[in-house]
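Keep the 3D view open as you go.

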Amino acid sequence: MTKDVISRLSKANYSPAQLFFGYSIWLGLVPPVSAFFGTYYNGWSLGISDPIKLSFSQSLAISIFYALALIVGFLVTAFVIKWMATVYAPESTLNDAFAVVSVVGTPIMLAGVVHLYPSVLLHIIVLSPIFAWSCYILFCALPILLKIDNDRGIFMGCAVLGFLVTAFLALLGISTIAWVYGIGPNLGV
Amino acid sequence: MDKDTYYTDSATVFLIFCTMIWSIIGMFAGLYLAAELVMPWLNFDIAEITFGRLRPFHTNSVIFGFGGSALIATAFYTVQRTCHVRLFSPNLAWLVAVLWQVGVGVGLVSLLLGYTSTKEYAEFEWPIDILVAIVWISFGIVFFGTLATRKIRPIYVSNWFYGALIIVVAMLHVVNNLALPYSWMQSYSVYEGAQDAIVQWWYGHNAVGFFLTAGFLGMFYYTLPKQAGKPIWSYRLSVVAFWAFVYTYIWVGPHHLHYTSIPDWLMTVAMVMSLVLLAPSWATMINAVMTMSGAWDKLRTDPGMKFVVVSMVFYALATFEGPMMAIKSVNVISHFTDWTVGHVHSGALGWNAFVTFGTVYFLAPKLFGTTQLHNLRLVNIHFWLALMGVLLYIVALWGAGISQGIMNLSIDEYGQLNYSFIDIMLVTIPYHWIRLFGGSLFFVGALIMTYNLFMTYVAGKDNRPVLVKIPKVNPGNEI
């Protein structure tokens, strides 16, 4: 079924701007909006003691930055895929790269609802299978949307996955440095 | 028959089986430890299997048993093919292969019995250290002897990496284990206090660098072009990356000692060098990716190829994560948490084990005298079990590590710690269950692989011994 949906998308006519402003950006609002309500009303829970609640303005600021990070992340990933395609799929266009990011990101963005109850453990439990599903979609979508054979798709999928995991780690590192410098939780460092 | 016109691979075959046996022993110990973390009663009050003894058993058996056997096996195989000559001394090679198992085996039993020098990854006591040093130097004699008697002028890049592995690990092992013996199984390090810590982590991180990275890169630089059926994308880049790697790695050990009583400048140097290390690591990764590009169809024909492709993803991940965790501001959160454990396993399982599995799957039919592996479907099952296992493992430990890191440092408005040690442990339990599950998947994959290799070996019994004639060197390349 997943492959049918992707095939239909590959036959549709759209521009990157249409796809981005008509679909992806709205879907991309789900995690930050959920995160705002989650951090303001419920608070981050580490699994013990009282959840860490943030003030209205802090929650709003973090959610806005989160939304911006997702938008930038979307665009950067699309351009990275286009760049990688020079090796793996020279025939593909920027449209195709935008389509790949949109379909791969859809389950993750929808799963952003989990931010409404910000518990680290809940996130791991909910997001792990969702990430696995998105990986599956990535490997399905690349050959169909970029019009390459499955073998190339697997190589390129690994390269894209490597980029995404590295980007995730970089964000984790930046967040950690931000915490140590006093943004976020109150740490004794 | 003139033996000198054929390669000799019997020690390699023996070592490949030792690799798989150690993988089962070592990974089972790891699995049992993961189970003890969530079910502490599993030690049954038996001292030998308490966490403190079983943990070094696990690390030493996977690093030196599994990793060491795989490295020696592939070094023997590779150095012959890339030098166009038979091993320098096949008998000494066999002695190395057998005594390595004896050294590691005796060492592991001594750890379970409670004899330990207490230095991480160098826990073996002095008599075993001496045995290991003798075996290692013999390994060097076989390897460099073969290199010295080579028939081809260039020294292929794999051999540079294997050579660095042998020389640097010998140096690290001897220097770090210098001790004054007190009895047969008791000794005292010649270093004291902070100096001891610096020497220990100079050893510890370079064991990661030269044992688990340089050696495996040697394996990888031979296997990948062979599997892809084309030369390395940029040979020059591989050699430049080698020298950059060797120069940079040796400095980074003190990043294990951030915010301790060692000199501050040393921590900063280690941090900076760790960040610089990203360049040669990623140069290697890019070289690999470009070498693989174009070899798309090999995924269908070579069952081990996907292991090697994925090992590159984890290599990129681990070599990015490592430098990042060496930044002091990140380390203050990540140190003493499960994030570090997850990082080590993304390297050890995702990179080292995957590239070993890919290489062994590639070599096994050639060495065992069959045209292909016993069951290709089992290879696929192994691949997905291992991939899912390692992903679950590291994601769970990211969650655990970050929670622990924040809780360790979290303070209230009076500056008092918000959470006790017990609070933090309680929060960690669910993640450890997920990690146990992920580890189980990986372990089952290793069992399946061992069965598959054994059946492949049985299937090739009529075609052994496999005799591979040493090809002639192309004109102009002779020595």
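Which residues touch the most other members of the largest nonpolar core? They are A:Val100, A:Ala141, B:Ile72 and B:Leu165, in a core of 197 residues. A nonpolar core here is a set of buried Ala, Val, Leu, Ile, Met, Phe, Trp, Tyr and Cys residues joined through C-beta atoms within 7 Å. Buried means that 20 or more other C-beta atoms lie within 10 Å of a residue's own; 12 or fewer makes it exposed, anything in between partly exposed, and the C-beta atoms are placed from the backbone. Helix 6 of chain B (residues 193-228) gives the most to this core, with 20 residues. As general background, nonpolar side chains tend to be buried together in soluble globular proteins.

A word on ground rules: this is a predicted model, so local features need pLDDT of at least 70 and side-chain atom pairs count only at pLDDT 80 or more, while totals for chains, interfaces and linings use all residues. Residues are numbered from 1 along each chain as its sequence is written, and chains are lettered from A and ligands numbered from 1 in the order in which they are written.

**The two chains**

Chain A has seven helices and zero strands, whereas chain B comes to 15 helices and two strands. Both kinds of element are DSSP runs numbered from the N terminus: helices are H or I with at least four residues, strands are E with at least two. The table puts the chains side by side.

| Chain | Residues | Radius of gyration | Globule rule | Buried | C-alpha extent |
|---|---|---|---|---|---|
| Chain A | 189 residues | 18 Å | 16 Å | 36% | about 55 × 30 × 25 Å |
| Chain B | 479 residues | 22 Å | near 23 Å | 55% | roughly 80 × 50 × 45 Å |

The radius of gyration is taken over C-alpha atoms, and the globule rule is 2.2 Å times the number of residues to the power 0.38. Chain A's value is close to the rule, so chain A is as compact as a globular protein of that length. Chain B's value agrees with a compact globule too.

Now for contacts, meaning residue pairs whose C-beta atoms, placed from the backbone, lie within 7 Å. Among those in chain A with a separation of 6 or more, 68% are between residues 24 or more positions apart. In chain B, 84% of the contacts between residues at least 6 apart in sequence join residues at least 24 apart.

**Where the chains meet**

At the interface, 32 residues of chain A are in contact with 38 residues of chain B. Helix 4 (56-88), helix 6 (120-145) and helix 7 (150-180) of chain A each supply at least two residues of chain A's side. Helix 7 of chain A has the largest share, 16 residues. By type, chain A's side splits into 20 nonpolar, nine polar and three charged. In that count, Ala, Val, Leu, Ile, Met, Phe, Trp, Tyr, Cys and Pro are nonpolar, Asp, Glu, Lys and Arg are charged, and the others, Gly among them, are polar.

A:Ala141 is in contact with A:Ile6, A:Val100, A:Val103 and A:Val104, leaving aside neighbours within four places in sequence. A:Ile144 lies in helix 6 of chain A and is buried, with 24 other C-beta atoms within 10 Å. Beyond four places in sequence, A:Ile144 touches A:Lys3, A:Ile6, A:Ser7 and A:Ser10.

A:Asp149 lies in the loop between helix 6 and helix 7 of chain A. Is A:Asp149 buried or partly exposed? With 13 C-beta neighbours inside 10 Å, A:Asp149 counts as partly exposed.

**Inside chain B**

Helix 14 of chain B (residues 376-409) has 34 residues and reaches 50 Å from its first C-alpha to its last, close to the 50 Å expected. The expected span is 1.5 Å times one less than the number of residues. Of those 34 residues, 26 are buried, so helix 14 of chain B is largely enclosed by the rest of the structure.

In helix 8 of chain B, B:Met267, B:Ala270, B:Met271, B:Met273 and B:Ser274 are buried. Their cover includes helix 7 (235-249), helix 11 (305-326) and helix 12 (328-334) of chain B.

Terms used. Two residues are in contact if their C-beta atoms, placed from the backbone, lie within 7 Å.
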